[in-house]
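Trainee: I've got a chain here and some labels I'd like to question. Can we go through them one at a time?

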Amino acid sequence: MDDNELICPFCGSRETKIEKETEERKLPFGPTFSYETTMRTCAQCQESWDSGEVGDESYETALAEAEIQSIEEIIEYLNQHGNSMAYIERALELPQRTLVRWKSKGGTKSGIALMRMIRNFPWLLDIAKNNYDKNIAVDELIKQGDLAYKEQREKFNMNVWRTNSESKNVAKVKVVSIKGGEPHTSIVETSTQSQHLSAEPIAVACN
Ligand SMILES: [Zn+2]
């Protein structure tokens, strides 16, 4: 090893040592996997840095395993939603048994990207099956957009609880709504006369 790599770039000390750390990454539509990284730390000044001394084998190996598992999970999801492997292969004009191969040995990076797109928007398969006809694609897009919009509106519905009353006419209420998948809580003051409040959460449409 080059002697310079042992020297701390912050204080110039030679009292440095390699330390292993475990990091995690969540794969889209797949498992969370962990891998080892190495950092060099200085005993004198306590700084640590990536000295690039050890390769990325741990990451690449863990990633490859996680990708295989995610392909399995994506195919399983698509199967459960009425898209058999044979149908997916026909629609995408993939050679027969491509998906079986991806499930056992892992897919190419482009294959994995394709499967993630299909997992997000399974109706892309129908567009492919219809030879990518623009009119059919636009019709499907409008239909799916409408469905997604309705779903989002339901998510945006709020639950309202009375928390405590400060006066006859004003109550503090806790409003819980889902925004972008994250629960969002806020306390707002509202007139007790303009809005029905109850101990139980009541659904209030959010326009
Ligand atoms: Zn140092």
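Predicted model: local features only at pLDDT ≥ 70, side-chain atom pairs only at ≥ 80, totals over all residues.

Trainee: What does A62 touch, leaving out residues up to four places away in sequence?

Mentor: F33, S34 and Y35. A62 and Y35 are 27 residues apart along the chain, with their C-alpha atoms separated by 6.4 Å. A62 itself is in helix α1, residues 57-80; helices here are DSSP runs of H or I, at least four residues, numbered from the N terminus.

Trainee: Why is A62 called partly exposed?

Mentor: Buried takes 20 or more other C-beta atoms within 10 Å, exposed 12 or fewer, and partly exposed is in between. A62 has 19, so it is partly exposed.

Trainee: What makes up the largest nonpolar core?

Mentor: It has 11 residues, including I71, L99, W102 and I118. The elements giving two or more residues are α1, α3 (98-105) and α4 (109-120), and α1 gives the most, with 4. The term means buried Ala, Val, Leu, Ile, Met, Phe, Trp, Tyr and Cys residues joined through C-beta atoms within 7 Å.

Trainee: Where is pLDDT under 50?

Mentor: Over residues 193-207. pLDDT is the predictor's confidence in each residue, from 0 to 100; the chain's mean is 81.

Definitions and conventions. Residues numbered from 1 in each chain as written. Contact = placed C-beta atoms within 7 Å.
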